[in-house]
Amino acid sequence: AIGGWLAETYGIRNSFFIAGVGSAICSLGYTQLPETLKVKPSLHQTDHEASWSSVAGKHARNWWADVQPLLESPNQQALIAMSIVPSLRWSCFTTVVALHAT
């Protein structure tokens, strides 16, 4: 609604500039918020001393430990399948349209 009003009042091109300025102002405001995440340093080594592959491996193992119980639950599997359907439907639709156009 606001985008349509901006486009009618100031033109399509200027409405994008106005939205961009608003987004930039919001981004600057977010940079001024205090950090609330408290991260404990590792006892063995810090991320600065570790190699990229060991840090990535540690994060991947932690991610899998968090995700595995969710993937094993039948209820969660159904929710994941339902959330994937719109993306798959859209990709199939665009593929068929492109194939039909050629």
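Visitor: How many residues apart are Trp-90 and Phe-93 in helix α4, and what does that spacing mean along the helix?

Guide: Trp-90 and Phe-93 lie three residues apart in helix α4, so about one helical turn separates them. This is a predicted model, and in it the two residues form an aromatic pair with 5.7 Å from centre to centre and 35° between the planes, which is tilted.

Visitor: Which exposure classes do Trp-90 and Phe-93 fall into?

Guide: Exposed means over 50% relative accessible area, with partly exposed between that and 20%. Trp-90, with a relative accessible area of 56%, is therefore exposed, whereas Phe-93, at 48%, counts as partly exposed.

Visitor: How many aromatic pairs does the count come to?

Guide: The count comes to three aromatic pairs. One of them joins Trp-5 and Tyr-10, whose ring centres are 6.1 Å apart and whose planes stand at 90°, so this pair is edge-to-face. Tyr-10 itself is partly exposed, at 44% relative accessibility.

Visitor: At what angle do helix α3 and helix α4 pack?

Guide: An angle between 65 and 115 degrees counts as roughly perpendicular. Helix α3, residues 52-72, packs against helix α4, residues 74-101, at about 95°, with the axes 5 Å apart, which makes α3 roughly perpendicular to α4. In this contact Leu-70, Leu-71 and Glu-72 of α3 meet Pro-74, Gln-76, Gln-77 and Ile-80 of α4, and the residues involved divide into four nonpolar, two polar and one charged.

Visitor: What share of the chain's residues counts as buried?

Guide: Of its 102 residues, 5% count as buried, while the accessible surface comes to about 9400 Å², with 67% of that area belonging to carbon and sulfur atoms. The chain has four helices and zero strands.

Technical notes: Residues numbered from 1 in each chain as written. Predicted model: local features only at pLDDT ≥ 70, side-chain atom pairs only at ≥ 80, totals over all residues. Heavy atoms only, no water. Axes fitted to C-alpha atoms, helices over the stretch in contact; angles between N-to-C directions. Helix = DSSP H or I, 4+ residues; strand = E, 2+ residues; numbered from the N terminus. Parallel < 35°, antiparallel > 145°, perpendicular 65-115°, else oblique. Contact = heavy atoms within 4.5 Å. Nonpolar A, V, L, I, M, F, W, Y, C, P; charged D, E, K, R; others polar. Buried < 20%, exposed > 50% of the residue type's maximum accessible area, 1.4 Å probe, protein only. Areas by Shrake-Rupley, 256 points an atom, 1.4 Å probe, with all protein chains shown as cover. Phe/Tyr/Trp six-rings, centres within 6.5 Å; stacked < 30°, edge-to-face > 60°.
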